[in-house]
Amino acid sequence: MPTEPAPEARAAGPAPYPVPDAAAYLAGGWRIERTVYDLRSGTEGSFRGTADFRPDAAGAGLLHTEEGELTWGGTVHPASRTLRLRPRPDGTAEVFFADGRPFHDLDLHTGRWCAVHPCAADRYRGTFTVVTADEWRLEWRVGGPAKDQLLRSVYRRAPVTP
């Protein structure tokens, strides 16, 4: 799973909030606000929903599920995705697609991480920035022959209900 530093990400945005254990930090419920830009067509959409990081019944780690509504081209569609997060003893983690294929590594020790994932001829570059104990941001830049997109997400911890 290729990864590389993101020096340009360090200079922009809020100061990172260091996280010693990625899985422990992410565990629980989050609210998501995402903007999706198709840079080729100039189209903009949005996703609003929730993310849950819960124990994975299929094995060690957390099951990361997102559910919500994608607004695209004036139409609202239900949208969801599932990932698996396997923690490592050093506080980092490996992220996998729901079917077990590797996606990327995740190291939030400094509060910021850049992950790269090749997908056919396209390249996904994700920048994770932890802002506070209850907020983190994720930006995916997707480029290649099939896609030219920018996805910006803000995750805010959902209130715990009794």
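**Entry 1: a glutamate to start with**

Is E66 buried or exposed? I looked it up in this predicted model. E66 is buried, with a relative accessible area of 1%. I then asked what stands opposite E66. The residue is R81, in strand β4.

I checked the side chains of this pair next. R81 and E66 meet in a salt bridge, at 3.2 Å from N to O. R81 lies in strand β4 and E66 in strand β3, so the bridge ties together parts that are 15 residues apart in sequence. R81 itself is partly exposed, at 28% relative accessible area.

**Entry 2: the strands around that pair**

Strand β3 covers residues 62–72 and strand β4 covers residues 75–87. They pair in the antiparallel sense, over 11 bridges. Together β3 and β4 form a hairpin with two residues between the strands. G73 sits in that turn and has a positive phi of about 60°.

I moved on to the other partner of β4. Strand β5, residues 93–97, runs antiparallel to β4, and five bridges join the two. L83 stands opposite F97 in β5. This hairpin has five residues between its strands. There G91 takes a positive phi near 95°.

**Entry 3: the whole sheet**

How many strands does the open sheet have? I found 10 strands, with antiparallel pairing. Their order is β6-β5-β4-β3-β2-β1-β10-β9-β8-β7. The edge strands are β6 (102–106) and β7 (112–119), and each of them pairs on one side only.

I noted a general point on pairing. Strands of a sheet pair through backbone hydrogen bonds, either parallel or antiparallel.

**Entry 4: the other salt bridges**

I asked for the total of salt bridges. The count comes to 13. I picked out R156 and E135 from the list. Their closest N and O atoms are 3.4 Å apart. This pair links distant parts of the chain: R156 is in strand β10 (residues 148–157) and E135 is in strand β9 (residues 135–143), 21 residues apart. E135 is buried, with a relative accessible area of 13%. R156 is partly exposed, at 37%.

Which residues are linked with them in a network of salt bridges? E33 and R137 join E135 and R156 there.

I looked at one more pair. The side chains of D148 and R141 meet in a salt bridge at 2.7 Å, N to O. D148 counts as partly exposed, at 21% relative accessibility. R141 is partly exposed too, at 35%.

**Entry 5: the nonpolar core**

Next I turned to the nonpolar residues. The largest nonpolar core has 31 residues. Those with the most contacts inside it are L85, L106, L108, F128 and W136.

I took F128 and listed its contacts, leaving aside its neighbours within four places in sequence. Among them are L106, L108 and W136. The list also includes H104, G111, R112, W113 and A115. R137, L138 and W140 are in contact with F128 as well.

**Entry 6: two cysteines, no bond**

I searched for disulfides and found zero. A disulfide is a covalent bond between the sulfur atoms of two cysteines. The cut-off for a disulfide is 2.5 Å between the sulfur atoms.

I compared the surroundings of the two. C114 is buried, with a relative accessible area of 3%. C119 counts as partly exposed, at 34% relative accessibility.

**Entry 7: an alanine in a loop**

Where is A120 found? A120 is in the loop between β7 and β8 (122–132). Phi of A120 is near 55°, a positive value in a residue other than glycine. Most residues other than glycine have a negative phi. I also checked accessibility. A120 counts as exposed, at 80%.

Conventions
Residues are numbered from 1 along each chain as its sequence is written. This is a predicted model: local features need pLDDT of at least 70, side-chain atom pairs count only at pLDDT 80 or more; totals for chains, interfaces and linings use all residues. Side-chain values use heavy atoms; hydrogens and water are left out. Two strands pair if DSSP finds at least two bridges between them. Helices (H or I, at least four residues) and strands (E, at least two) are DSSP runs, numbered from the N terminus. Buried means under 20% relative accessible area, exposed over 50%, partly exposed in between (1.4 Å probe, protein chains only). A nonpolar core is a set of buried Ala, Val, Leu, Ile, Met, Phe, Trp, Tyr and Cys residues joined through side-chain atoms within 4.5 Å. Contact means heavy atoms within 4.5 Å. A salt bridge is a side-chain nitrogen of Lys or Arg within 4 Å of a carboxyl oxygen of Asp or Glu.
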